[in-house]
Every structure is written in structure tokens, then in C-alpha cells.
Amino acid sequence: MYTNYIFDLYGTLIDINTDEESMDFWYKLSLFYSFKGALYDAEELRESYRALVKLNLDNLMDSKYPDFPLETVFSKLYTNKNILPSDELIMDTAHFFRTSSIKYIKLYDSVIELLELLKKKGKKIYLLSNAQRIFTLYEMRLLGIEKYFDDILFSADYKMCKPDENFYNTLINKHNLNIKNSIMIGNDYICDIEGASNVGLDSLYLHSNLSPEINGKLKSTYTIMDFDIAKIPELIIK
């Protein structure tokens, strides 16, 4: 039926809840920066972070759906306080930022069984995720799923996000995928489903707790509205 299975991650395979809005989060992060010699209070750090994110996105105006590695921001927050951070400090800061914001993270039911089945049948498994490598790769390792993927593409690395056709085509061209034998699986009716449709890919829409409200036409080839991942094999795996 299909040879290549392209997955979204958050809201499709991983259930996650984060909070980057609370002042308690920014207070703890400001303490971390201050411990390293970059003195911030919580509000100053929050506003500086947001301004740097906006600046970096504005500098990518040639992309309709821009993204960039957040390491740039974490580093600049140090140099703005005359601290020259090492690569190790940037990574530690990013991991502190992420772990401090996570309320919970876990795999959805039946994810491992699905990935095991695909590998057993000799299918190729790819990830196309709007995500930061410095966060997400470590979360995938924590949850034990990195090993199942033949390739992993994070939007921050390519400075563009789904539903950008160029992001889809980057994966398709890199692996010379036959789109007739490939399918996109995701929980976002625009980023995953409309994006896939725009490059000629079939798709399976999973409606999860993290799915945005559907306000337009759902263009998926297959649909599972009750988010029962165990139904996927009977629909698209042979």
C-alpha cells in the first residue's frame, strides 16, 4: 500500500503540555542566567527573549513560514550581558528552558506498537516536525522513539515550517520519495494535511487533544477523529 510513512510528532506521537507564560518559569530561568553571570530579573529576561525571537523571525521574511534555531537567542541573551557562553552552556541553558516549561510529556497509547509494526514490515519511517532539534531530539531519546526513524527533519534546522511546500519537498527530494507510495500522518489540518495535499501526498488526519480547531475543509485521505492510533494499521498498513 505505502512504502514511506511521514509522521508529525507533537500531538501525533507525543502528548506534551508546556507553559512558557508563567512568571514563575521566567523567574527560574532568570536565576539560571544570573548564576552564570548574566544578571536578569524575570520580566527583563522574558521581554528580551521575545524581542530576540521576533527579530530573528523578521530576518527570515523571504520564508512564508519561518523558523530558526533558538540557540541563537539563548546565546544572545548572554552576550547582551557581556558573557561569552560556551557551546556546552548554550545546550545546558536550552535544556533548562525546556525542562522547566514542561508540565508533562509522554507517548500516546499504541505509538510503540505502530512503529514496531512498520519496521517489521520493512517500511521507511520519517519525521517532519515543526520543532527545535536541541529540545526535541532529546525528548525523542527520552521516550525511546528516535531509533525507529530513517530520517528526522526539524523545522528549525531548515528555517522553515510546515505547511511550507519547500519543507515537504526537502524530505521528498533528499530521499527521492515516490509520493504515490508515501503518506503523511499528523494532527494539524493545515500544517500536516493541507501541507501534504499541496505537494501531492496522501495523508491521515488524527484528531488529538493538541489538534487545532478545524475551520476549513479537511483534505485528508483518511481520518481518525477519536484518536485511536490502533486503527491506523487497518487503514494504511499492508
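## Strand β5 and its pairing

In this predicted model, strand β5 (residues 151-154) is covered on both faces, with Asp 151 and Leu 153 buried on one side and Ile 152 and Phe 154 buried on the other. Strand β5 pairs with strand β4 (residues 124-129) in the parallel sense, over 4 bridges, and in this pairing Ser 129 stands opposite Phe 154.

Asp 151 also takes part in a salt bridge with Lys 174, in which the closest N and O atoms are 2.8 Å apart. This pair links distant parts of the chain, since Lys 174 belongs to helix α8 and Asp 151 to strand β5, 23 residues apart.

## Lys 162 and the cis peptide bond

Lys 162 lies in the loop between α7 and α8, and the peptide bond that joins Lys 162 to Pro 163 is cis, with omega about 10°. Pro 163 is found in that loop as well, between α7 (155-158) and α8 (165-174).

Is Lys 162 buried or exposed? At 3% relative accessibility, Lys 162 counts as buried, because the cut-off for that class is under 20%. Leaving aside its neighbours within four places in sequence, Lys 162 is in contact with Asp 8, Leu 128, Ser 129, Asn 130, Phe 167, Tyr 168, Met 184, Cys 191 and Asp 192. Of these contacts, Ser 129 is 33 residues from Lys 162 in sequence, while the C-alpha atoms of the two residues are 7.6 Å apart in space; Ser 129 is also the residue that stands opposite Phe 154 in β5.

The contact with Asp 8 includes a salt bridge between the side chains of Asp 8 and Lys 162, at 2.8 Å from N to O. The pair links distant parts of the chain, with Asp 8 in the loop between β1 (4-7) and β2 (14-18) and Lys 162 in the loop between α7 and α8, 154 residues apart. Both Asp 8 and Lys 162 are buried.

## Salt bridges around helix α2

The structure holds 15 salt bridges, and one of the others joins Arg 50 to Glu 47, with the closest N and O atoms 3.7 Å apart. Arg 50 and Glu 47 are 3 residues apart in helix α2 and are therefore separated by about one helical turn. In general, an α-helix has 3.6 residues a turn, so residues three or four places apart point the same way.

Both residues of this pair are partly exposed, Arg 50 with a relative accessible area of 34% and Glu 47 with one of 38%. Beyond the pair itself, salt bridges that share partners join Glu 21, Arg 46, Glu 47 and Arg 50 into one network.

## Helix α3 and its buried face

Which residues of helix α3 (residues 71-79) are buried? They are Val 73, Phe 74, Leu 77 and Tyr 78. Seen down the axis of α3, these buried residues fall within an arc of 140°, so they line one face of the helix. The helices against which the buried residues of α3 pack are α1, α2 (42-58), α4 (87-101) and α6 (133-143).

## A nonpolar surface patch

Helix α1 (residues 23-35), one of the elements against which α3 packs, contains Tyr 27. Together with Leu 31 and Phe 35, Tyr 27 forms a nonpolar patch on the surface, and the accessible area of the three residues together is about 360 Å². Tyr 27 itself is partly exposed, with a relative accessible area of 45%.

## Residues with positive phi

Most residues other than glycine have a negative phi. Asn 82, although not a glycine, has a positive phi of about 65°; Asn 82 is found in the loop between α3 and α4 and, at 73% relative accessibility, counts as exposed.

Ser 110 likewise has a positive phi, of about 75°, without being a glycine. Its place is in the loop between β3 (102-107) and α5 (111-120), where Ser 110 is partly exposed, with a relative accessible area of 27%.

Terms used:
Residues numbered from 1 in each chain as written. Predicted model: local features only at pLDDT ≥ 70, side-chain atom pairs only at ≥ 80, totals over all residues. Heavy atoms only, no water. Patch = residues over 30% accessible without salt bridge, like charges linked within 9 Å, V, L, I, M, F, W, Y side chains within 5 Å. Areas by Shrake-Rupley, 256 points an atom, 1.4 Å probe, with all protein chains shown as cover. Salt bridge = Lys/Arg side-chain N within 4 Å of Asp/Glu carboxyl O. Helix = DSSP H or I, 4+ residues; strand = E, 2+ residues; numbered from the N terminus. Buried < 20%, exposed > 50% of the residue type's maximum accessible area, 1.4 Å probe, protein only. Arc of directions from axis to C-beta. Contact = heavy atoms within 4.5 Å. Pairing = 2+ DSSP bridges.
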